[in-house]
Amino acid sequence: MKSDVVLKALQDIVGEEWATSDEATLVPYSYDIGGLSTPSRPAGRGEFVVMPQTVEQIQEIIKLANIEKVPVTPIVFGSNMGGVAIPLEGGIVLDLHRMNKIIEVNEVDNYAIVEPGVSMGMFERELRGRGYWFPLPMSPPNASSVVANLLLTGIGHFASKIGCQSDLINGVEVVLPTGELARGGSCAFSEHWHSRYPIPDVIGLFVGWQGMTGVVTKMSVPIFKRPPYQMSTGFGFDDYTEAIMNCMIPFQARDIAHDVSAATWSFHNIQKFKHPMPERPKEDPKMYVYMSLCGFTEEELNFKKKILDDFLNTQKKAGLFTSYKEVPPSPDLTEIIRNIPNPRSFKFSDFKRGGGAWVGSITAASQWPIALPKLDEIMIKYDVPPSTRCTLLKGSNCGMFRCRWGYDSGNWDEIQRILEMSKELLRVILEHGGLMYKAPVWGSDIMLEKAHPGYKLLMQKIKKMLDPNNIMNPGRWGL
Amino acid sequence: MANSVLDKTIQDFKEDVYRCSFECFNCTTFSPEFLPSCPAYEKYGYFTYASRGRSGLMEAYLAGRLPISEKMSEIMFSCSLCGACRVCCQQDWKDYNIEAFMAMRGEIIEKGFAPAKLRDALKSIQKYGNPYGVPGEKRGEWATGVDVKEYSGQEYLLYVGDEGSFDVKGQNIAKSLINVLNKAGVSFGILGKDEITDGHEVKAAGEFGLYEYLIEQNVELFKKRGVKKVVTLSPHAYNAMKNDYPQYGADFEVIHYTTLLNDLIKSGKIKLTSKVESKVAYHDPCYLGRFNEDYDTPREVLRAIPGLELVNLLRERDKSFCCGGGGANSYTDLLSGGDNAPSRIRIREIRDSGADIVAVTCPICMIMLEDAIKAESLEDKLAVKDVSELLLQSAACCCG
């Protein structure tokens with residue numbers, strides 16, 4: 001049987017204990033609650049799981065997959081929430097978490113080279129000990145892959161200062177879908193992994209592609225000196241436009257904060273309440289705005305705080321903060337920012353039987369206050385707390401715009417209802433020019449309806465050129 | 001017993017398996033140290049072997065989508081029930097997972113898929129009252145020539161347990177403890193051939209019926225002998241007798257032996273004068289530490305020993321990394337062998353701490369870590385000693 005041949009070959013490559021076709025072992029690789037699938041109703045199921053530990057082993061696995069025409073789906077910790085690492089067409093699940101070396105931390109040129117199995121927690125631990133930090137996302141758990149999150153356009157906790165995580169990739173080493181090893185960025189020319197530019201850029205061939213164009217085996221990322229003085233503060237508004245247009249965007253323009261975010265009342269309180277969430281008390285603000293500031297000296301931090309206070313006073317005097325509300329100080333917030341990755345961030349199981357999902361997008365900031373009431377209306381219609389968070393990326397043109405909620409993961413009918421709601425939310429976001437990140441198949445299908453034909457053609461050409469046998473994570477983005 | 005975990009089957013957890021939401025994998029990592037926590041996941045590597053994966057298996061099984069198999073049995077029984085995932089998990093799943101795992105094990109046994117070694121151990125317990133396949137009348141043979149009396153109304157019953165009775169390393173711990181207690185003039189006795197297993201690992205294996213039977217046998221025996229205070233060698237026995245036995249009519253006081261040693265030091269009944277010039281790392285056993293929150297007593301005992309320098313481990317107290325011997329793994333042996341065996345991972349961490357001795361307070365930890373030292377060829381650099389052995393070294397010249 002072909003499956004016996006493939007399993008034997010995989011075990012020959014990685015050793016018997018690191019490859020299996022066992023049905024029970026494959027179960028947790030088949031679902032993703034954020035992707036609205038469950039163990040009993042999987043989104044797809046692989047036929048093999050293999051855990052290589054070297055680049056050479058990955059090359060051999062990919063070559064084998066080409067010979068046997070078997071799909072390969074790379075996965076690290078499976079916490080991406082969009083179901084993007086669930087094998088839709090069977091084949092080999094390439095579990096990369098054993099490739100977990102931090103290969104280099106270069107404190108002269110301020111970059112680090114990591115393998116895909118390096119988790120956020122591992123990276124934070126290493127950098128913390130050296131007085132550095134990296135913009136790790138606030139929401140994903142500590143056992144998420146740094147490399148995967150960068151490839152899938154994650155948002156870090158000082159994104160307002162430095163942009164989306166995918167902007168930070170200095171260089172990659174990648175096993176191509178046909179098994180050859182390639183590099184992108186300065187590391188293609190020397191062992192100095194310092195930058196992506198000024199050469200013809202090939203790194204984009206692997207960013208946002210959900211593992212369809214190769215397996216990234218090494219990545220260089222910039223690292224930043226960790227400012228010892230940090231604070232986060234929050235205040236409330238009853239009006240989305242005031243919160244976003246009169247507060248977040250003009251303050252972001254001053255380039256003072258390392259994080260400028262906002263959340264609706266439900267999002268802000270999502271961890272406090274058991275299911276179902278109560279109505280917002282009238283005295284509570286409709287939206288919370290958070291600013292995180294940092295400094296290398298106390299004076300620097302105090303100076304930034306003064307600029308923020310002055311800004312708030314100026315806006316108030318100008319009559320731009322008519323719905324402004326003081327909110328109690330939240331020492332927790334500073335601690336959360338200081339201690340990212342925070343294991344508490346995804347606490348959803350207080351909701352009836354535990355699920356949690358989202359529709360996350362990158363959307364122009366000007367559209368947020370217009371789209372938000374529409375999103376609220378949809379979520380309320382589906383009896384879901386209207387829960388949205390937004391974070392400005394570097395500059396003030398756009399940012400993360402994400403609805404998130406809990407649901408009953410044991411109720412398939414409710415999951416289907418949530419899926420319908422998610423589609424409605426995405427369509428509103430698309431109307432406002434937003435694009436879904438870490439898109440599951442239903443999300444990319446909706447987006448492709450609107451895509452420029454030339455974009456689709458180019459994607460098809462790239463995919464065909466790089467992956468002639470279509471073995472890498474097939475079935476995504478219409479490819 | 002009403003509402004006891006022992007009354008629950010896997011069907012009772014049908015709603016709770018969904019509480020492991022989001023596939024966050026926090027269960028595998030201590031935060032904010034960001035160090036690995038799960039022994040089975042470290043050894044086997046597949047998602048399936050972590051608390052997260054097991055919840056998925058159980059959900060699929062309960063939905064009728066996945067049959068019980070030998071592999072599923074290995075996956076479910078490889079968990080050492082060490083409780084580290086409960087420290088890490090931020091979801092409500094942590095309040096249910098270990099009980100659910102035990103219930104699933106019960107289901108697996110009932111369906112005839114128990115690991116072979118476990119089947120043998122359970123048969124032996126049913127037949128002889130111990131998992132070693134040795135007739136019960138031989139249980140007390142280790143004490144031949146040891147200065148210890150059979151229990152007959154002394155202040156304490158020293159419950160030696162299976163490892164203390166049958167394993168050479170466990171026997172050595174028992175002997176050294178007896179030596180210390182004798183020097184301090186403690187009134188105590190043992191049950192010898194009448195002792196039977198405490199059943200803690202039987203419960204861990206999901207054999208709740210046998211566990212209840214063993215509890216009833218022990219409670220009846222202890223009552224018949226007039227036992228008022230029990231001191232246990234193993235934290236596993238301590239956990240069982242402290243937390244489960246009272247529901248079955250046990251009215252005796254139970255302490256782990258480190259509590260008694262600490263009291264003896266504080267009351268001046270043991271005087272520690274000889275220096276033990278060693279760097280000692282203390283390995284917290286799961287069932288004294290995480291499950292009964294006693295992290296300080298053994299450390300107080302160690303700190304009382306002159307010359308001894310206590311060094312910290314990266315993972316300790318509630319974030320201690322399990323040796324892999326719990327959760328009936330001392331019967332199944334599923335977590336031993338290979339570079340990724342939890343005991344070997346742990347011993348490498350202890351080596352890197354600069355310690356030359358690792359102090360233990362559990363005979364299973366002693367067995368697991370001593371084997372790991374041999375596997376890592378560290379015999380010249382590192383030794384495992386029970387706290388009572390270290391105490392004896394210091395007390396040897398002045399007591400008695």
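1. What covers helix α12 of chain B? In this predicted model, the cover over its buried residues includes α8, β5, β6, α13 (296-303) and α17 of chain B. Helix α12(B) spans residues 257-266 and is mostly covered. Of its 10 residues, 7 are buried. These are Tyr257(B), Thr258(B), Leu260(B), Leu261(B), Asn262(B), Leu264(B) and Ile265(B). After the helix comes Gly268(B), with a positive phi near 80 degrees.

2. Two of the covering helices, α8(B) and α17(B), also pack against each other. Helix α8(B) runs over residues 168-183 and helix α17(B) over residues 387-395. Their axes come within 9 Å and cross at roughly 40 degrees. Angles under 35 degrees would count as roughly parallel, and 65 to 115 as roughly perpendicular. The two helices are therefore oblique to each other. Their crossing is left-handed. On the α8(B) side, the contact is made by Ile173(B), Ser176(B), Leu177(B), Asn179(B), Val180(B) and Lys183(B). On the α17(B) side, the partners are Ser388(B), Glu389(B), Leu391(B), Leu392(B) and Ala395(B).

3. Next, the sheet that holds β5(B) and β6(B). It is an open sheet of 4 strands in chain B. The order is β4-β3-β5-β6, and the pairing is parallel.

4. Tyr156(B) stands opposite Phe188(B) of β4(B). Helix α11(B), residues 235-243, lies across β3, β5 (229-232) and β6 of chain B. Its direction is at about 155 degrees to β6(B).

5. Strand β12(A), residues 229-237, pairs with β14(A), residues 287-295, over 9 bridges in the antiparallel sense. Thr233(A) stands opposite Met291(A) of β14(A). Strand β12(A) is also joined to β15(A), residues 324-325, by 2 bridges. That pair runs antiparallel. There, Phe237(A) stands opposite Tyr324(A).

6. Which residues touch the most other members of the largest nonpolar core? The core holds 276 residues. Those with the most touching members are Val50(A), Ile61(A), Val221(A), Ala262(A), Val289(A), Val358(B) and Leu369(B). Take Val221(A) as an example. Leaving aside neighbours within four places in sequence, Val221(A) is in contact with Tyr111(A), Ala112(A), Val114(A), Phe134(A), Leu150(A), Leu168(A), Ile169(A) and Asn170(A).

7. Now the interface between the chains. In chain A, 42 residues are in contact with 37 residues of chain B. On the chain A side, the elements giving two or more residues are α2 (23-26), α4 (120-129) and β16 (354-364). Helix α4(A) gives the most, with 4 residues.

8. Two cis peptide bonds deserve a look. Most peptide bonds are trans. The bond from Tyr197(A) to Pro198(A) is cis, with omega near 10 degrees. Pro198(A) sits in the loop between β9 (181-185) and β10 (215-222) of chain A. The bond from Ser31(B) to Pro32(B) is cis, with omega near 0 degrees. Pro32(B) sits in the loop between β1 (29-30) and β2 (35-36) of chain B.

9. Two aspartates have positive phi. Most residues other than glycine have a negative phi. Asp255(A) has phi near 60 degrees. Its place is the loop between α7 (240-252) and β13 (259-264) of chain A. Is Asp255(A) buried or exposed? Asp255(A) has 12 other C-beta atoms within 10 Å, so it is exposed. Asp333(B) has phi near 65 degrees. This residue is found in the loop between α14 (329-332) and α15 (342-352) of chain B. With 14 other C-beta atoms within 10 Å, Asp333(B) is partly exposed.

Definitions and conventions: Residues numbered from 1 in each chain as written. Chains lettered and ligands numbered in written order. Predicted model: local features only at pLDDT ≥ 70, side-chain atom pairs only at ≥ 80, totals over all residues. Pairing = 2+ DSSP bridges. Contact = placed C-beta atoms within 7 Å. Axes fitted to C-alpha atoms, helices over the stretch in contact; angles between N-to-C directions. Core = buried A, V, L, I, M, F, W, Y, C linked by C-beta atoms within 7 Å. Buried ≥ 20, exposed ≤ 12 C-beta atoms within 10 Å, placed from the backbone. Parallel < 35°, antiparallel > 145°, perpendicular 65-115°, else oblique. Left-handed = near helix turned anticlockwise from the far one by under 90°.
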